[in-house]
Amino acid sequence: MTSNRIVGASVPRKEGRDKVTGRAQYIDDMTLPNMLYGATVRSRVPRGKIKKITFGSGIAWNEFVIVSAKDIPGKNCIVLIVDDQPCLADGIVNHPEEPILLLAHPDRHALPKAVDTISIEYEPLPAVFTIEESEEHREIIWGKDNTFKTYLVEKGDIDGVWEKADYIVEGEYRTGAQEQLYIENNGMIATYDPERGVTVWGSLQCPYYIHKALMTLCNLPADKVRVVQMETGGAFGGKEEYPSMIAGHAALLAIKSGRPVKIIYDRMEDMAATTKRHPSRTRHRTAVTKGGKILGGEIEFAVDGGAYTTLSPVVLSRGTIHAGGPYYWPNVRIRAKAMATNAPPHGAFRGFGAPQSLFAMERHMERIAQVVGLSPIEIRRRNFLQPGQTTTTEQTIREAIDLEKLLDRALELSNYHAKKQRFSKDNRMGTSKKGIGVAAFLHGAGFTGSGERNLSSVVDVEACADGSVRVLVSSTEFGQGTKTVLCQIVAETLGLEYDDVTIAQADTGEVPNSGPTVASRTVMVVGKLVQSAALGIKQTLTTSGALERSYSPAEFRTACQNYVAAHGTFRSSARFEAPSDVFWDDEKYRGEAYAAFAWAVYVAEVTVDLSTYSVSVNDLVALQEVGKVLHPVLARGQIVGGIAQGIGYTLYEKVIWQNGRMQNSQMTNYIMPTSADLPPIRVFFEEMGNIHGAFGAKGIGELPMDGPAPSIINAVEDALQVRFDAIPLLPEDIFEKLATESISKSGPHSAGGVQSQ
Amino acid sequence: MTTNISSGGRAKCELSFTVNGERRTVRVHPMERLLDVLRQELALTGAKEGCAEGECGSCSVLMDGALVNSCLVPILQAKSANIVTIEGLAAGAQLNCLQEAFLDFGGAQCGICTPGMILAASHLLQRNPQPTIGDIREGLSGNLCRCTGYVQIFDAVAKAVQFKART
Ligand code: FES
Ligand code: FES
């Protein structure tokens with residue numbers, strides 16, 4: 001197909017009309033007859049043994065349905081990777097906000113008081129709150145050594161590089177937790193009857209994760225569990241794993257009461273109890289030549305996983321693979337570990353480990369540049385990955401990617417050189433300092449390594465009686481445009497109108513398991529499957545003689561109607577098959593980590609006001625190569641939205657922890673950017689051609705989360721000539737650092753961590 | 001929970017107001033939030049609860065022409081008021097120009113902030129039919145959106161202004 005009609009056009013969002021008219025049905029908009037409301041009684045301590053539970057007086061307890069761990073029909077765990085997380089704590093708690101009991105009542109106003117009157121006595125156990133405390137092993141809170149997972153990536157001969165180095169550059173970088181802060185809080189409704197089993201409707205990303213978790217928890221066969229996604233008001237990874245917990249709770253209450261049960265979290269509960277982005281620490285030690293070439297390096301990447309395994313091994317994996325950035329490392333050793341602490345488990349959030357390790361990499365590049373005496377631009381130029389070279393996992397870059405060209409274009413679009421010069425002159429005077437910073441990065445699309453092969457996703461496309469075609473996938477829509485783009489792909493593939501293609505609600509009773517909606521995989525992986533399933537429909541129609549080889553959309557509709565009238569509706573399936581030449585070794589963590597990478601260069605311009613110590617971003621140029629852009633409006637929306645979250649991550653959003661509990665779990669004290677806080681965000685796409693996804697598309701959703709933090713902090717360093725190696729960076733952090741710097745008088749060039757040989 | 005106002009067992013009162021041009025009468029506790037009355041008594045679920053503390057604006061409705069956070073309005077205050085919710089904006093199947101523009105220019109992603117955002121934009125255009133981008137940024141800054149980064153919402157509002165000027 002040479003010119004596309006529908007792919008590449010900004011068609012209206014499939015569910016857009018319902019959204020702009022207020023008709024879209026989210027979980028809290030749904031009510032069932034005879035429904036109860038559920039609430040969760042949670043741990044107030046980070047770690048301890050439950051000694052006694054007292055139900056307070058003044059409450060008509062006989063009106064309540066009460067569920068404890070004893071009521072669980074199956075296994076008391078939320079199945080995911082390792083089955084260590086209980087659905088309800090049984091005798092011991094390992095983090096604040098851990099669920100202990102469930103209550104349900106017909107009047108939702110009766111619940112808060114009842115929850116408050118339940119008092120739980122604990123025998124406290126010593127708790128661990130940081131990566132450092134966890135690795136000290138003074139207190140073992142998980143497994144043998146507090147370690148959920150480790151990875152070791154080795155390439156070349158790292159031990160041999162140090163003596164050849166002209167410089168050895170060291171640095172340590174940290175990132176904080178971040179709340180996803182979807183505007184729709186989590187929620188579920190469950191029903192149970194012995195005939196049909198458990199059905200749950202909810203706000204969620206991964207219907208089949210929940211399906212599997214409920215089978216184990218409720219001890220039910222696959223056909224007695226049904227999970228239906230309602231319209232979902234934002235997710236960003238935050239509704240990947242925790243919804244299994246809430247679905248489990250609603251299901252347990254429904255089983256015990258025999259009535260429908262609705263659980264809707266309020267903002268405080270959602271922020272305090274559900275997952276956040278993993279806090280991280282990255283250490284770099286890099287051997288560099290006088291000319292600024294990286295000879296090799298050691299990278300140590302550690303994340304704080306919270307109290308249970310959940311998704312930490314996978315987040316760690318992505319962070320590990322991205323730790324080397326878009327650079328060529330002839331020799332490298334990456335050691336990564338996910339550590340246990342007594343905080344609620346940290347989890348999936350757009351970027352999934354990569355924003356953390358890429359922040360470190362891109363800050364470290366600045367440090368290398370300073371040590372070698374090159375500009376931030378030149379140091380990157382000299383180390384960019386080239387086609388034919390290999391990544392840290394020894395994946396050969398086969399795409400014709402040209403990172404220097406990408407960098408040059410970004411510099412031009414942002415007027416980098418002129419601004420850089422002007423700022424350094426202007427900054428000599430006044431209390432407001434300007435700076436400009438660059439970040440170059442990559443983001444792998446799809447599951448890591450053998451992930452896609454293990455998932456073995458299936459999709460269906462159905463020919464309907466009215467002559468239209470329907471897509472059936474478990475991929476969910478939560479704002480990104482899943483429904484729209486998959487329908488575009490099918491319409492384009494079959495030569496139909498966009499309106500001739502519809503998509504089924506993500507309901508495990510009806511759609512096959514096309515895998516979770518995560519990892520920027522939907523368009524690239526599921527899109528490609530949907531394309532081949534659609535071709536199956538065409539083939540059936542043409543081989544039966546119902547349809548000519550070349551046809552109009554109207555002729556297709558008629559052929560489809562006639563065929564279905566004669567033979568009934570039919571479906572065409574496609575299942576993922578890994579290309580045979582893709583090699584991945586899970587043991588050595590080596591090989592083709594991702595089917596494709598998206599590439600980007602972002603340039604941020606900031607002003608730091610030295611009277612308020614606040615940073616404002618004045619301009620952000622975001623240039624990326626994401627393969628073919630299937631829907632320009634949606635693609636731009638993904639990039640801008642991700643950047644806004646990235647700016648929040650960098651400059652606004654600080655989770656304040658006390659004994660493992662988030663203290664600022666409200667929108668009034670956890671601050672996300674408003675429309676008045678954001679700079680002009682200028683988005684540009686470069687198409688360099690990639691053959692992986694449907695119509696050449698690669699993943700796009702997570703990429704924009706990686707760039708803002710390093711480009712902004714690099715710009716802040718440019719403005720102040722003072723180094724900042726941790727985010728979030730709030731005015732008080734700048735104040736404190738400047739106060740200490742002015743005492744020690746050490747600028748970035750003289751700071752420690754550098755050895756000359 | 002989102003509110004410490006309990007309706008359990010307390011006296012209810014009857015009061016009337018106009019919603020989307022229709023006169024409605026409800027029997028509820030006088031401190032019940034307007035948001036709950038709209039959503040639960042009147043089945044108008046377009047207004048959403050994002051925070052229950054006046055921060056996010058996803059519960060925005062128009063009350064006597066003013067933009068209010070319905071999570072902060074006790075129903076007693078809405079007595080005899082004229083209320084417009086997102087459900088009252090389209091004329092039948094015909095979308096209002098803001099709705100049309102949000103649909104075409106990417107103003108709605110997950111859609112949860114959209115009803116409040118469109119009402120806030122409509123309120124802005126009532127006061128200021130020719131807003132600059134700066135006016136739009138300011139005018140919508142009481143409504144949080146986590147998906148869009150706002151840029152395409154500004155685009156949509158600006159397009160709606162142009163669209164209105166043409167018709
Ligand atoms: S719910 Fe009313 S302002 Fe957030
Ligand atoms: S579109 Fe999702 S919060 Fe605005």
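In the predicted model, I503(A) is placed in strand β19 of chain A. With a relative accessibility of 16%, I503(A) falls under the 20% limit and therefore counts as buried. Beyond residues up to four places away in sequence, I503(A) touches R470(A), V471(A) and V473(A), as well as K483(A), L486(A) and C487(A). The C-alpha atoms of I503(A) and V469(A) lie 8.4 Å apart, although 34 residues separate the two in sequence.

Strand β19 belongs to an open sheet of 4 strands in chain A, arranged in the order β19-β18-β17-β20 with mixed pairing. The edges are formed by β19 (501-503) and β20 (570-575) of chain A; each has a single partner strand, so one side of each is left without a neighbour in the sheet. From one strand to the next, the twist averages 25°. Strands β17 (residues 458-463) and β18 (residues 469-472) of chain A run antiparallel and are joined by 4 bridges. Within this pair, E462(A) is positioned opposite R470(A) of β18(A). Helix α13 (residues 482-494) of chain A lies across β18 and β19 of chain A, at about 145° to β19(A).

At the level of the whole chain, the domain assignment divides chain A into domain 1 (35-125 + 180-273), domain 2 (280-448 + 589-756) and domain 3 (451-575). A distance of 35 Å separates the C-alpha centres of domain 1 and domain 3 of chain A. Their contact takes 19 residues from domain 1 of chain A and 15 residues from domain 3 of chain A. About 1,400 Å² is buried between these two domains of chain A, with carbon and sulfur atoms giving 53% of that area. On the domain 1 side, Q205(A), Y208(A) and Q229(A) lose the most area to domain 3 of chain A, together accounting for 45% of what that side buries.

After α4(A) comes N219(A), which has a positive phi near 55°.

Definitions and conventions
Residues are numbered from 1 along each chain as its sequence is written. Chains are lettered from A and ligands numbered from 1 in the order in which they are written. This is a predicted model: local features need pLDDT of at least 70, side-chain atom pairs count only at pLDDT 80 or more; totals for chains, interfaces and linings use all residues. Side-chain values use heavy atoms; hydrogens and water are left out. Helices (H or I, at least four residues) and strands (E, at least two) are DSSP runs, numbered from the N terminus. Two strands pair if DSSP finds at least two bridges between them. Axes are lines fitted to C-alpha atoms, for helices over the stretch in contact, and angles run from 0 to 180 degrees between N-to-C directions. Contact means heavy atoms within 4.5 Å. Domain bounds come from an automatic or database domain assignment. Buried area is the accessible area (1.4 Å probe) that two parts lose on being put together, summed over both. Buried means under 20% relative accessible area, exposed over 50%, partly exposed in between (1.4 Å probe, protein chains only).
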